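Below is a walk through one protein model, taken feature by feature. Keep the sequence and the 3D view open while reading.

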Amino acid sequence: MSTRVGVLGATGAVGQRLIQLLVPHPEFEIAALTASESSAGRTYRDAAKWRVDTPIPDDIADLTVVGTDPEDVPDDVELLFSSLPSDVGAAVEPEFVEAGYVVSSNSSNGRMDEDIPLTIPEVNADHLGLLEVQRDERGWDGALIKNPNCSTITMVPTLAALDQFGLERVDVSTLQAVSGAGYSGVTSMEIIDNVIPHIGGEATKMETESRKLLGSFDGAEVTLHDADVSASCNRVPTLDGHLENVWADLEADPSIEAVAEAFESYPGVDLHSSPDRLIEVFEEPDRPQPRLDRMLGDGMAVSAGGIEATTHGVQFNCLAHNTMRGAAGASVLNGELLLEEGYL
């Protein structure tokens, strides 16, 4: 029997990706779609300007959108996927959790809160234990879990694979696709024939979230990883796929072959949306590339290449699809983890 789920903020870019992933999902059934009050009461077909590269599903198109309020969502919905703007999520998500709903959220609010798990299932599934702390401290009947920022989630699996060599410092420069800013986030006049060397708040997210994701959980709290992380984030005129240039300082001195093996052998998890191989490695120095490689593993794999030795460690490039692995797919994967671990 499928688990009944809902999507908070269903008309936006990530909300549409969530619907695309959830409609054929073998474990989830969409039972509620929420949006702003201006969209509530309309059919999804009328409320959403559908922009995903597959047709809008007929049964979803005819669903009536409801307001983003716990009173508007059916009681038998067991899991909510949130793609709300962070300011809205900060106000609304706790209301849903207090009402008993379990929320897997892509919104940035609360990611660094001490009792909210920030999770990539292949990297730190054990951090899900924070939900017990969360419920005890906040008195919530439901639960709230976050997936990290789209640029962070591209890099962190590779860093987790390198941690066996003693990860000490990370410097990263990103080349981020325009879809990461949302459909109206960057105008064509800004980005065509251009690169924007700043994305507000993005560097801070990478620098803090990565240390939490790589940190250790002792059953009560997460201790941040002690590696220093420094990020420079840039918007480039690609549609999807964040490409990142990473320099990692390591305590050990592994060979390029050892680094490639660490990437390739990094384990996945037995969840529906996790790819068979989490990190795909290219030997070619000019790979990965967004247009060619963003859909590896149905858009859920991370790819790496251009591995070179440096004075203090290694340099490499990594890539992931920012609205699949980096946003909607990450939330769905966390939902699968919640189901697997008995939180629904």
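Are F96 and Y101 buried or exposed? Both residues are buried. The model is a predicted one, and its values are computed from the atoms. F96 and Y101 also belong together as an aromatic pair, with ring centres 5.8 Å apart and planes at 65°. That arrangement is edge-to-face, because an angle over 60 degrees between the planes counts as such. The structure contains 4 aromatic pairs.

Another of these pairs is made by F263 and F316. Their ring centres are 5.2 Å apart and their planes meet at 65°, so this pair is edge-to-face. F263 sits in helix α10, residues 256-264, while F316 sits in strand β14, residues 313-320. Why does F263 count as buried? Its relative accessibility is 0%, and buried means under 20%. F316 counts as buried because its relative accessibility is likewise 0%.

A ring can also face a charged side chain. R51 lies over the face of Y183, at 4.9 Å from the ring centre.

The next feature is the largest pocket. Its volume is about 760 Å³. The lining is made up of 36 residues, and those closest to the pocket centre are V14, S83, L84, N106 and G180. Which elements give two or more residues to this lining? They are α1 (13-22), α4 (86-98), α9 (202-213) and α12 (324-340). The largest share, 3 residues, comes from α1. By residue type, the lining of the largest pocket divides into 20 polar, 12 nonpolar and 4 charged residues.

An unreviewed UniProt entry assigns residues 4-131 to "domain: Semialdehyde dehydrogenase NAD-binding". In the model, this span is 29% helix and 18% strand.

Some details of the backbone come next. Most residues other than glycine have a negative phi, and most peptide bonds are trans. Where in the chain is P288 placed? P288 is in the loop between β12 (279-281) and α11 (290-293). The peptide bond leading from R287 to P288 is cis, with omega near 5°.

Two aspartates have a positive phi. For D193, phi is near 60°. D193 is located in the loop between α8 (188-191) and α9. With a relative accessible area of 77%, D193 is exposed, because exposed means over 50%. For D298, phi is about 55°, again positive in a residue that is not a glycine. D298 belongs to the loop between α11 and β13 (302-309). Its relative accessible area is 64%, so D298 is exposed.

The last stop is E114, in the loop between β5 (102-105) and α5 (121-124). E114 has a relative accessible area of 70% and is therefore exposed. How many residues along the chain separate E114 and L213? They are 99 residues apart along the chain, and their C-alpha atoms are separated by 12 Å.

How values were computed: Residues are numbered from 1 along each chain as its sequence is written. This is a predicted model: local features need pLDDT of at least 70, side-chain atom pairs count only at pLDDT 80 or more; totals for chains, interfaces and linings use all residues. Side-chain values use heavy atoms; hydrogens and water are left out. Rings of Phe, Tyr and Trp (its six-membered ring) pair if their centres lie within 6.5 Å; planes under 30 degrees apart count as stacked, over 60 as edge-to-face and the rest as tilted. Buried means under 20% relative accessible area, exposed over 50%, partly exposed in between (1.4 Å probe, protein chains only). Helices (H or I, at least four residues) and strands (E, at least two) are DSSP runs, numbered from the N terminus. A charge sits over a ring if NZ of Lys or CZ of Arg is within 6 Å of the ring centre and within 35 degrees of the ring normal. On a 1 Å grid over the protein atoms alone, a cavity is a set of points where a 1.4 Å probe fits but cannot get out, and a pocket is an open set with protein on both sides within 12 Å along at least five of seven lines; lining residues have an atom within 4 Å of a point. Grid points are joined across faces, edges and corners, and a volume is the space filled by probe spheres set on the points. Ala, Val, Leu, Ile, Met, Phe, Trp, Tyr, Cys and Pro count as nonpolar, Asp, Glu, Lys and Arg as charged, and the others, Gly among them, as polar. UniProt positions are given in the numbering used here, feature names are shortened, and annotations may be inferred rather than shown by experiment.
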